[in-house]
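Try each task before peeking at the solution.

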Amino acid sequence: MLEGDSFQKFMFDDCHVRGEFVRLGASFQKACASKNYPQQLKALLAETSAASVLLTGTLKFEGRLAIHARGEGPVSLLMAEATNTREFRSIANFDDTAENFENLTQMLGKAQLAITIEPNKGNRYQGIVPLEKPTMGECLADYFKYSEQLDTYFMFGSDDQGCFGLMLQKLPDYKFIEDQDAWGRIVQLASTLSFDEVKECDNATLLHRLFHEEKLRVYGSEHVEFVCSCSQERSLASLKALGQEEALDILEHEAVIAIDCQFCGQHYEFNREHINTLFGLGKAH
């Protein structure tokens, strides 16, 4: 895909509408490398990953944003998180029947969609909406409609090579502009975009082709990357949360405590000396 791992903002200054475009290529392949996702679930995870990067465009601070859904269907977990520096990671947990279903509500069953915003400095915020629509784009549009009172439009597309996401959103002062037909016109133009065009054209060409009759301001492209935040230190912290008694009990039956990162597949092992040091128990005998 052209501009394979990128994020770009644009603005319709006269219409008070903002837009964002994201492409994920090699980065999404890395996100999926340790999992054998069914095709339809991989496409859904692609949309969720692209959406998480798009939503970081709304952040006005350093931090991260996560899209998170737990369901009672064949997909028990769907999650993607991204930072203000356009680093993301994503995962889905599923059973063998997931490949028999196509849309979001079928895969997750009864579920809620949570958007969690976590500043590096400041209070964590979470908004929740019922997961009632068949596509991620429609569910996210509902989220903004009910939690932010902002009309928002999403479009996604994916194949085995990568994915893209497009987001349009009214700004709060849209209601004061004279051209109240602008939103409907811009969304209608955007809806004509095809995934084949995305794969064949760069962003500048696409945006000109779609919106050449509108006054459009385009910002610089930013690199997007798959980055997992797992580490030996974080794994030790999870063992500390597990508790001394539980950790020592595992070592009575196993030579080491093994932890595999769900996101990237990284493998960590901790022996008795690690655990003794963690809980201040002195050296192993």
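**Exercise 1.** Find what Leu140 touches, leaving aside its neighbours within four places in sequence.

*Solution.* Bear in mind that this is a predicted model. Start at Leu140 and pick up its contacts: Ala51, Leu55, Ile67, Leu113, Ile115, Phe154 and Phe156. Next, look at the core: the largest nonpolar core has 53 residues, and Leu55, Leu113 and Leu140 touch the most other members. Then ask who supplies it: helix H2 (residues 39-56) gives the most, with 9 residues. Finally, look for a separate, second core; that one has 25 residues, including Phe164 and Trp183.

**Exercise 2.** Work out the strand order of the open sheet of 6 strands, and say which strands are at its edges.

*Solution.* Walk across the sheet and you get S7-S6-S3-S4-S5-S12, with mixed pairing. The edges are S7 (125-130) and S12 (225-226), as each pairs on one side only. Now zoom in on one pair: S3 (residues 63-71) and S6 (residues 111-119) run antiparallel over 9 bridges. For a landmark, Arg70 stands opposite Gln112 in S6.

**Exercise 3.** Is Leu45 buried or exposed?

*Solution.* Then check its relative accessibility, which is 0%, so Leu45 counts as buried; the cut-off for buried is under 20%. Now see what Leu45 touches, not counting residues up to four places away in sequence: among them are Phe28, Tyr37, Leu78 and Ile91.

Key. Residues are numbered from 1 along each chain as its sequence is written. This is a predicted model: local features need pLDDT of at least 70, side-chain atom pairs count only at pLDDT 80 or more; totals for chains, interfaces and linings use all residues. Side-chain values use heavy atoms; hydrogens and water are left out. A nonpolar core is a set of buried Ala, Val, Leu, Ile, Met, Phe, Trp, Tyr and Cys residues joined through side-chain atoms within 4.5 Å. Buried means under 20% relative accessible area, exposed over 50%, partly exposed in between (1.4 Å probe, protein chains only). Helices (H or I, at least four residues) and strands (E, at least two) are DSSP runs, numbered from the N terminus. Contact means heavy atoms within 4.5 Å. Two strands pair if DSSP finds at least two bridges between them.
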